[in-house]
Amino acid sequence: MSAHPTRIGWFSAGDVECDPPPPARDHPYRLVLLGPPGVGKGTQALLLSEHLRACHLSTGDLFRAAKCQCAPSPAMQAAIDVMNRGELVREDLVIQMVRERSKCIQCHGGFLLDGFPRNVHQAEALSALLDELRVTLDAVVSYELPLDEIVARLSGRRTCSECRAVYHVTSQPPSHPDRCDHCGAALVQRDDDRPEAIRVRMQTYESETQPLTDYYSRSGKLLRVPAHGAPREICRRMLAALHALDVPARVKP
Ligand code: AMP
């Protein structure tokens, strides 16, 4: 798997194989990443996919990819409108989307699930799916940061319109202004990073997603990771926490 896999299986949902296929290994990493919008989950997922060689599966990226289709279905268009307002997409639709991608969940390369589950109901749906597929989670990572730092991060975030690499205008700028270092495509500000959408997303996170940390802490798999500092420092902190959890000695922080 390259540092930035295409995630074609995730985006297309069908029987499309990833190219190159993920390398075979005895035990793939299977993690859920939690954290408020803007905490840096996308950046961490990219770094972790380099270290752990597991694919970044983001439900938000799926909806943003659907926005680029010239003729999304009426149901998908409704989901996109909801997303642009910063609200959550309908529960049954999201769960169905993840179920359609069971191959990715079973992939022997492992996964870093980002954006799903977002509430306890979705967590229960994921747990049922994992049981059906006989897949076990290694850990659930909760990235944590004070609100004012989150707002500063979100307003400066820029995303590649093609490969979805993530930058920040001050803390992680691209080499050439507004151009992606990986593929050269234009960098854009996400519609849901506008201030009014940010407010809605933070409220939604606090009411819906925070109870998830209680849910997962009961399973003993929750890793709380302070998300301040440089991206690579946060990544090292996370790998050390994963190591301490004894998710095995496969990880060297
Ligand atoms: P994200 O990139 O994870 O911040 O997701 C961007 C947007 O996609 C969210 O604000 C929602 O509108 C939608 N979305 C992504 N994942 C989910 C989910 N699990 N449940 C509901 N809506 C979601």
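Helices (H or I, at least four residues) and strands (E, at least two) are DSSP runs, numbered from the N terminus. By that rule, the protein has 10 helices and 8 strands. This is a predicted model, in which local features need pLDDT of at least 70, side-chain atom pairs count only at pLDDT 80 or more, and totals for chains, interfaces and linings use all residues. Residues are numbered from 1 along each chain as its sequence is written, and side-chain values use heavy atoms, with hydrogens and water left out.

**Whole chain**

Start with the C-alpha trace. Along its principal axes it spans about 40 × 40 × 40 Å. The radius of gyration, taken over C-alpha atoms, is compared with a globule rule of 2.2 Å times the number of residues to the power 0.38. For 253 residues, a compact globule would come out near 18 Å; the protein has 17 Å, which agrees.

Now colour by accessibility. Buried means under 20% relative accessible area, exposed over 50%, partly exposed in between (1.4 Å probe, protein chains only). Buried residues account for 48% of the 253 residues. Contact means heavy atoms within 4.5 Å. Among contacts between residues at least 6 apart in sequence, 71% join residues at least 24 apart.

**Cores**

A nonpolar core is a set of buried Ala, Val, Leu, Ile, Met, Phe, Trp, Tyr and Cys residues joined through side-chain atoms within 4.5 Å. In the largest one, of 36 residues, select Leu 57, Phe 63, Phe 111, Leu 113 and Tyr 216, which touch the most other members. Helix H7 (residues 120–133) gives this core its largest share, 6 residues. Another core, of 26 residues, lies apart from it; Leu 33, Ile 150, Leu 239 and Leu 242 are among its members.

Zoom in on Tyr 216. Leaving aside residues up to four places away in sequence, Tyr 216 touches Leu 34, Pro 117, Ala 123, Leu 126, Leu 137, Val 140, Lys 221 and Leu 222.

**H7 against H9**

Next, show H7 with helix H9 (residues 195–217). Their axes come within 8 Å and cross at roughly 45°. Axes are lines fitted to C-alpha atoms, for helices over the stretch in contact, and angles run from 0 to 180 degrees between N-to-C directions. Angles under 35 degrees count as roughly parallel, over 145 as roughly antiparallel, 65 to 115 as roughly perpendicular and the rest as oblique. H7 and H9 are therefore oblique to each other. From H7, select Val 120, Ala 123, Glu 124, Leu 126 and Ser 127; they meet Glu 208, Pro 211, Leu 212, Tyr 215 and Tyr 216 of H9.

**H3 against H5**

Move to helix H3 (residues 59–67) and helix H5 (residues 91–99). Here the axes come within 11 Å and cross at roughly 100°. That makes H3 roughly perpendicular to H5. Thr 59, Leu 62 and Phe 63 of H3 make the contact with Val 94, Met 97 and Val 98 of H5.

**Backbone stops**

Go to the loop between strand S3 (111–114) and H7, where Pro 117 lies. A cis peptide bond joins Phe 116 to Pro 117, with omega about 0°.

Which loop holds Arg 53? Look between helix H2 (41–52) and strand S2 (55–58). Arg 53 is not a glycine, yet its phi is positive, about 60°. Arg 53 is partly exposed, at a relative accessible area of 32%.

Finish at Arg 134, in the loop between H7 and strand S4 (139–144). Its phi is also positive, near 55°. Is Arg 134 buried or exposed? Arg 134 is exposed, with a relative accessible area of 77%.
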